[in-house]
Amino acid sequence: MTTAVVRAPAKINLGLSVGPLREDGFHELATVYMALDLHDTVRVTARDDDQVTVTVQADAREGDEAVAVPVGPDNLAVRAVELLRGAAGFTGGVDLAIRKVIPVAGGMAGGSADAAAALVGANHVWGLGWERDALADLAADLGSDVPFLLHGGVGIGTGRGEKISPVLSRGRYGFLVVVAREGLSTPSVYAEFDRLEPDPEVPHVAPELMAALRGHDTERLGEHLANDLEPAALSLRPELDRVLQIGLDAGALAGIVSGSGPTCVFLIEDDADAAMLTAALWASPGCADVIHTHGPAAGARVIA
Ligand code: C5P
């Protein structure tokens, strides 16, 4: 029986500029993604028959996350392998065993990470030999941020976030991630954005953000972190304002809501600051976990 163990990273949006609502129901975006050293792991095992099964094991955290992850055909990893085998004209099945660390419904692309890992794993155990770019083209149908999670590192996402151009960035950055007890639905955050911002500008990537990444200038990066979805997330979840304030008061360089939230991410100057900041952030409202992590990290890949 062939098995592949695949790790896929979480993402944050260092910059997320949101433009007008398109006719297909998505918003035009210009975003700078960074993959983080915070991974879900998917064990993909080829089956003798054509069944696709999935199990989900979640880290113990306040609020039972496994409940929030569908284990039927709606699971994004299941949809990913079904899409791949359809596109490849393949008839085999797989067992998917997902170990979740990335917060569920947290704005860090946890479901998309599992889909990216499932694509890489099924491609491997079925011996299909698809290149990463071909997998990324397919991945766009699963979710706007799945292509980025196949590439990893730092990338600019345009279109609805699915068109990726890699960004060369120097060095690593430290982050603290505050996981909320209760998730937020991405469509509801975008709907709130439309209500607050009925006539948004054409989205753009801030040149200062790119310059900070090129120069590995942590302080400058902190000054230019920006998320157009943040007001919408704060409107739906007002206590996030307090979470951001606690992190800044405790010495983080900058704090933003990650993607559509409710996870908040803080950029830190020095790993030595992490313990004190972690203690302060644990006291923030609705906090289920505080994770110290780094970026950028590699995209979805086979590790065993
Ligand atoms: O692509 P993904 O499945 O992650 O999108 C989830 C939802 O988020 C979409 O159905 C849409 O409501 C919203 N979205 C959007 N514009 C984007 C990406 C997502 O409005 N560029």
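Helices (H or I, at least four residues) and strands (E, at least two) are DSSP runs, numbered from the N terminus. The structure described here is a predicted model, in which local features need pLDDT of at least 70 and side-chain atom pairs count only at pLDDT 80 or more, while totals for chains, interfaces and linings use all residues. Residues are numbered from 1 along each chain as its sequence is written, and side-chain values use heavy atoms, with hydrogens and water left out.

Pro296, found in the loop between strand S11 (287-295) and strand S12 (301-302), is joined to Gly295 by a cis peptide bond with omega about 0 degrees. The bond from Gly261 to Pro262 is likewise cis, with omega near 5 degrees, and Pro262 is found in the loop between strand S9 (254-257) and strand S10 (264-268).

Although Ala105 is not a glycine, its phi is positive, at about 50 degrees, and phi of Ala109, which lies in the loop between S4 and H2, is near 65 degrees. For accessibility, buried means under 20% relative accessible area, exposed over 50%, and partly exposed in between (1.4 Å probe, protein chains only). Ala105 is partly exposed, with a relative accessible area of 43%, whereas Ala109 counts as buried at 10%.

In helix H5 (residues 186-196), the buried residues are Val189, Tyr190, Glu192 and Phe193. These residues cover an arc of only 160 degrees around the axis, which puts them on the same side of H5; the arc is that of the directions from the helix axis to the C-beta atoms. An α-helix has 3.6 residues a turn, so residues three or four places apart point the same way. The buried residues of H5 pack against strand S1 (3-21), strand S2 (27-47) and helix H8 (230-236), where contact means heavy atoms within 4.5 Å. The face turned away from the buried side of H5 carries the exposed residues Pro187 and Arg195.

Pro187 and Tyr190 are also among the residues that surround the ligand, together with others including His27, Ser144 and Arg160, a residue being near a molecule if one of its heavy atoms lies within 4 Å of it.
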